[in-house]
Amino acid sequence: MSKAPSIQDHLTARFNENRLVIWRDPDESYFDGLDAQVPSGVTVLHIAHDEFAIKYRVLREEPSAKFLLYRPGVVLEGADNWLLDLELAYGTFSADRGALIRGDLGLTAHGADELVAKHEAFFGNAKSVAKLKALLHDGDDLVMVQAKMCAAVLGQNGLSFSELTRTLLVQHASNDPSGYDALVKQNLADFYWRGAANIYGYKSDSPSTAGFVLWTFAQAKDGFAASTSNAARNIEIDFRSFRDNRQSTSALKLLAKQAEKDLDYADQASSLSLIDLVAADTFDAGEKEIIRRLIDGISTQTMSTRDIAETIRTRRRDSVWFDDYATLYAALDAAAELLPAIRSARLDVSSFDEGIILYRDDLYRIDQLYRQYTYAAQTAEFKHPLEALTEQVENAYVTDFLFKLGTNWQGQVDVVERWKTPAVTSQSSFYDHYVAPIVRGGRKKVVVVISDAMRYEVADELHSRIRGENKFEAKLDAMLGVLPSYTQLGMAALLPHMVLAHSANGDPVLVDGQRSDGTANRTKILSAVSGAAIQAKDFQKMKPTERRDLYAANQVLYVYHDTIDATGDKAVSEHRTFKAAADAIEELVGLVKALASANATNIFVTADHGFLYQESRLAPQFNLTVKPQGDAILVENRRYVLGRGLKDDTAFRKFRPEQIGLTSDLEVQIPNSICRITKPGAGFQFVHGGAALQEIVIPVLTINKGRSDTVELVNVDIHPETDKITTGQVVLKLYQSMPVTDQRIGRRLRAGLYFGDALISDQKELVFDQESAEGRDRFQSVRLLLSKDADAANNRAVEFRLEQPIPGTDVWKKYKSAPYTIKRSFSSDFDF
């Protein structure tokens with residue numbers, strides 16, 4: 001422990017400020033040892049009825065020298081004190097320890113001597129006194145002094161009772177009693193608990209941090225008694241501040257998990273209504289109960305998709321626990337839309353063209369929702385409650401969608417004579433239709449990104465992501481993919497060409513007689529149109545200047561990206577296909593940005609083929625028991641066969657090369673619907689090569705980078721019902737004037753009530769991200785509780801303020817405001 005300052009230290013400090021120090025020593029207890037206490041360079045003058053001579057010397061004869069005027073014995077007061085003018089000018093010095101401390105700290109309030117005596121350990125510690133001195137201000141009463149003593153003990157700069165409490169709670173959550181033990185040691189714990197009683201209403205014969213925590217969560221569980229008293233409002237305001245502030249959120253969540261056990265909240269939560277559960281966000285057990293109710297509502301169809309989506313949106317906006325279960329909530333959000341979509345889907349297909357359009361415009365969404373649900377369920381924070389729902393989703397998707405759509409679509413595949421449609425462009429016409437018109441004349445350049453196995457629904461999600469990037473415009477089209485729908489042929493079809501053909505043994509595919517496999521061969525083909533090919537991973541490794549040089553050197557640049565197929569096409573990793581799809585979207589967003597930074601303005605993102613995927617093992621009826629037969633079977637895959645003289649079989653649809661736009665002599669057979677050819681050792685979840693809509697509806701995402709902003713935040717308006725505040729709270733309606741879209745994004749705001757620049761309420765963070773076109777769905781209410789600081793604003797004008805964050809910082813600035821006047825009667829609580 002630091003040693004308390006000596007008398008000489010105090011004298012030195014005084015002489016650093018003044019050249020004269022007048023020491024009163026009524027008991028003459030320091031007479032003998034006086035010289036040892038005096039700092040060097042100071043002359044000691046003993047006062048012995050020679051006041052006028054002394055004054056003449058120190059003021060006239062030696063006006064710059066330092067003097068200690070020692071006055072032993074009792075000094076007369078008032079007009080009889082001949083040195084009164086000097087004492088008033090320079091003050092007096094006393095060697096009484098308490099007086100020294102009070103003088104050093106400027107403690108002049110009545111009772112200061114008793115305070116110093118009561119807290120001898122605190123004031124005997126030089127470091128504690130130094131910390132306190134830095135916090136003190138002129139006019140501090142003894143309550144504020146003790147508050148600042150607590151702050152000094154806990155090492156805080158914040159002087160509010162709430163900050164003291166936050167520190168104690170954070171330490172308690174980590175089993176660190178050092179702060180509270182220090183208050184006890186410094187005889188300040190009773191002071192803290194008196195504050196807790198008066199400010200929060202916590203009263204106990206044996207107060208403790210653990211008891212206060214349990215009491216606080218009990219109040220929170222009961223809604224803080226509807227905040228009908230000042231104390232209830234104080235604890236609610238501070239509790240929400242503790243919980244919502246990133247400095248203490250984790251600690252409060254730890255304390256909540258212990259409190260919910262002590263309060264048996266999990267049992268109580270099971271009997272609460274969903275409305276009551278959603279209205280609270282105190283305990284983790286409550287969040288889990290909400291999730292269980294949502295799962296039940298989805299499974300039993302007792303909750304509408306709208307109600308489920310709104311409940312999840314409310315949790316995302318209001319619940320401190322949401323991020324702990326964000327992935328699980330994403331699964332529920334997808335399932336809530338997926339199951340009704342499957343039940344209501346129109347799966348009958350009356351023509352080949354209609355089937356393509358129906359999938360492009362509508363049915364792809366079911367595949368997308370299934371992917372999103374499955375991936376979220378695979379990675380959810382806890383999976384047990386999803387088990388039954390996952391089985392329900394799987395059965396509905398495979399049996400009621402994949403099989404039925406595949407069977408109905410097969411009826412059109414069976415009768416189509418030529419593999420083409422006026423409804424969409426053929427994949428083999430990609431270059432002529434999309435690229436050639438732009439580069440014709442040599443003034444504009446094009447980049448084509450080909451992501452292996454990026455099926456249409458994945459591209460739709462990528463489309464939304466790109467449109468959400470400022471200055472980017474994107475449009476999604478569909479093409480009819482080649483048959484068979486596999487990598488070699490799909491990649492070849494996207495290159496500039498006149499003729500496509502299989503080679504004698506099937507692969508490689510020939511483009512105008514040239515091999516099309518590999519980056520080098522594709523660069524050779526593209527050189528005819530002043531182009532080149534590169535792997536995406538190689539492009540990403542380049543320095544920015546190298547990327548710009550590559551783009552500048554070529555009229556057409558093909559960039560090959562392979563994440564989905566590289567994962568799904570292997571038996572050991574196919575179960576990670578949907579994670580690969582999520583990764584691919586992130587990678588492609590980054591790749592598009594990198595290309596734009598290299599000056600690319602016209603970018604296409606497309607694919608060689610799509611895929612079929614289901615999480616469960618295929619039912620036996622979808623595994624063909626027959627084998628393809630023919631004069632020569634050259635390639636036999638799970639979803640296609642290449643050969644010569646292939647025998648007709650009702651389990652397959654056979655195409656002659658001219659029917660599918662190829663010039664070789666190889667025939668193609670495709671298993672019906674979603675069926676697979678059984679292959680030993682092969683995977684069963686991820687397949688492509690066939691004629692299912694998921695395999696052959698190929699996306700083309702057209703992306704343009706411009707200079708104008710394309711993304712804006714939604715507008716939010718304040719709708720006050722009155723301009724007066726007459727109680728301890730205020731409720732306002734806020735209106736999101738437009739729905740969220742890809743290019744109109746949600747806005748995060750912070751609401752609070754201010755008197756000048758002083759916050760006089762709690763603060764609420766709000767997110768406005770409603771996608772509904774219905775205006776009534778875009779209202780939010782915010783309830784603010786007035787703090788004790790609002791007392792000073794009674795009968796004064798105040799401001800309701802919405803603030804928005806400055807991007808890249810933790811600073812907020814005003815967004816909008818509305819004026820109010822506080823007019824209420826109140827009784828003030830003990831002010832810490």
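A pocket is an open set of grid points with protein on both sides within 12 Å along at least five of seven lines. The views below show a predicted model.

**View 1. Lining of the second largest pocket.** The volume of this second largest pocket is about 1700 Å³. Its lining comprises 47 residues, and those nearest the centre are Arg-316, Asp-333, Arg-365, Gln-372 and Glu-771. Two or more lining residues come from each of helix H19 (305-318), helix H20 (326-344), helix H21 (352-379), helix H24 (456-467) and helix H30 (577-597). By class, the lining of the second largest pocket has 17 nonpolar, 13 polar and 17 charged residues.

View 2. Ile-674 has 2% relative accessibility, and because buried means under 20%, Ile-674 counts as buried. Leaving aside residues up to four places away in sequence, Ile-674 touches Leu-402, Phe-403, Leu-612, Leu-618, Phe-622 and Arg-639. His-575 lies 99 residues from Ile-674 in sequence, and the C-alpha to C-alpha separation of the two is 18 Å.

**View 3. Helix H12 (residues 189-200) beside helix H13 (residues 209-221).** The axes of H12 and H13 cross at roughly 10° and come within 12 Å. Angles under 35 degrees count as roughly parallel, so H12 is roughly parallel to H13. In the contact, H12 contributes Tyr-192, Trp-193 and Tyr-200, while H13 contributes Thr-209, Phe-212 and Trp-215. Five of the residues in the contact of H12 with H13 are nonpolar, one is polar and none is charged.

Conventions: Residues are numbered from 1 along each chain as its sequence is written. This is a predicted model: local features need pLDDT of at least 70, side-chain atom pairs count only at pLDDT 80 or more; totals for chains, interfaces and linings use all residues. Side-chain values use heavy atoms; hydrogens and water are left out. On a 1 Å grid over the protein atoms alone, a cavity is a set of points where a 1.4 Å probe fits but cannot get out, and a pocket is an open set with protein on both sides within 12 Å along at least five of seven lines; lining residues have an atom within 4 Å of a point. Grid points are joined across faces, edges and corners, and a volume is the space filled by probe spheres set on the points. Helices (H or I, at least four residues) and strands (E, at least two) are DSSP runs, numbered from the N terminus. Ala, Val, Leu, Ile, Met, Phe, Trp, Tyr, Cys and Pro count as nonpolar, Asp, Glu, Lys and Arg as charged, and the others, Gly among them, as polar. Buried means under 20% relative accessible area, exposed over 50%, partly exposed in between (1.4 Å probe, protein chains only). Contact means heavy atoms within 4.5 Å. Axes are lines fitted to C-alpha atoms, for helices over the stretch in contact, and angles run from 0 to 180 degrees between N-to-C directions. Angles under 35 degrees count as roughly parallel, over 145 as roughly antiparallel, 65 to 115 as roughly perpendicular and the rest as oblique.
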